Amino acid sequence: FLEGKRALVTGSTSGIGLAIARALSAEGAEVILNGFGDEGEVARLCEELGASHSGADLTDAAQIETMMADAGEVDILVNNAGMQHVSPVEDFPVDKWDTIIALNLTAAFHTTRLVVPGMKAKGWGRIINTASAHSKVASPFKSAYNSAKHGLDGFTKTIALELAEHGVTANCISPGYVWTPLVENQIPDTMKARGLTREQVINDILLAKQPTKKFVQPEELGALAVFLCRKEAQNVNGANWSVDGGWTAD
Ligand code: NAD
């Protein structure tokens, strides 16, 4: 049902973004991938999805502008690229703070401001932002990430109100823990910050938050993104949709 629609999914060479790109492509959307990765692997993904790819670094506004100009008219914008850093606030590297805010929050502002005129002109658009359970609640040692994700929720609600009469919806998808490289890579720093073993981090920190005691699968987020593009979701606007096994119900 997405034939004729163009979807740009940021951070889609891996993890959740890739699963969302695959799900939108399976419904017929023309997909533009973005993100870093091995050249051969990116080429393989482009072939698999019949997609094109932008390697823009989304911490850089100028590179975002180039990516958006190259993309042309985008009907479905998925702001998904993100990164994490785990550290006590007093030791939090200042450059990491700046990078996380730039990638996890400011990039969504730039892509959005650049797609909105086209969506308004067409009277149809979908903006889907990958936030996090950490857009609703906090965990210690993730000050930059939690700040950016709470900010992304506020940004999404704001544009949802601004665009409500233009056939454009804006929503957040907020996963709990999903088994992707982003989660795997934070395990060593969490072990260090909390003095725990790998197994303790997985069971006592990560899965302890999720009442289902299961990692969310990226495909579940792909399916939700597809739903948000459906006509039946035209009144789902400004929502922050949890997929966290009940974490934020607590
Ligand atoms: P991932 O590390 O598997 O993928 C991140 C993607 O972003 C990759 O494609 C990477 O190349 C790209 N990227 C990184 N830096 C970039 C930059 N400067 N410019 C452009 N692209 C860049 O991570 P993931 O787990 O799939 O996370 C995707 C999103 O989901 C993030 O916003 C993350 O905060 C959010 N999220 C993840 C989880 C989880 O448990 N994995 C939970 C909640 C929210």
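First a convention I need: a crossing is left-handed if the near helix is turned anticlockwise from the far one by less than a right angle, and right-handed if clockwise. Helices (H or I, at least four residues) and strands (E, at least two) are DSSP runs, numbered from the N terminus. This is a predicted model, where local features need pLDDT of at least 70 and side-chain atom pairs count only at pLDDT 80 or more, while totals for chains, interfaces and linings use all residues. Residues are numbered from 1 along each chain as its sequence is written.

**Entry: α1 and α8**

I looked up the handedness and found that α1 passes α8 in a right-handed crossing. The axes of α1 and α8 (residues 218-229) come within 8 Å and cross at roughly 45°. My axes are lines fitted to C-alpha atoms, for helices over the stretch in contact, and angles run from 0 to 180 degrees between N-to-C directions. Angles under 35 degrees count as roughly parallel, over 145 as roughly antiparallel, 65 to 115 as roughly perpendicular and the rest as oblique. So α1 is oblique to α8. On the α1 side, the contact is made by G15, I16, A19, I20, R22, A23 and L24, and on the α8 side by P218, E219, L221, G222, A223, A225 and V226. Contact here requires C-beta atoms, placed from the backbone, within 7 Å. By class I get 10 nonpolar, 2 polar and 2 charged residues in this contact. For the classes, Ala, Val, Leu, Ile, Met, Phe, Trp, Tyr, Cys and Pro count as nonpolar, Asp, Glu, Lys and Arg as charged, and the others, Gly among them, as polar.

**Entry: the sheet**

In what order do the 7 strands of the open sheet run? I read β3-β2-β1-β4-β5-β6-β7, with parallel pairing. Two strands pair if DSSP finds at least two bridges between them. β3 (52-54) and β7 (240-243) are the edge strands, each pairing on one side only. From one strand to the next, the twist averages 20°. β2 (residues 30-34) pairs with β3 over 3 bridges, and N34 has S54 of β3 as its bridge partner. I also see α8 lying across β4 (76-79), β5 (125-130), β6 (168-175) and β7, at about 165° to β6.

The axes of α6 and α7 (residues 198-209) come within 9 Å and cross at roughly 90°. These two helices are therefore roughly perpendicular to each other. I187, T190, M191 and R194 of α6 meet R198, V201 and I205 of α7.

α3 (residues 61-71) and α4 have axes that come within 10 Å and cross at roughly 35°. α3 passes α4 in a right-handed crossing.

**Entry: the ligand**

Which of the 29 residues around the ligand come nearest? I find G11, G15, G35, G82 and L182. A residue is near if its C-beta atom, placed from the backbone, lies within 6 Å of the molecule. α1 (15-26), α4 (94-122) and α6 (181-194) each supply at least two residues of this shell. I note 12 nonpolar, 16 polar and 1 charged residue in the shell.

Definitions and conventions:
Two residues are in contact if their C-beta atoms, placed from the backbone, lie within 7 Å.
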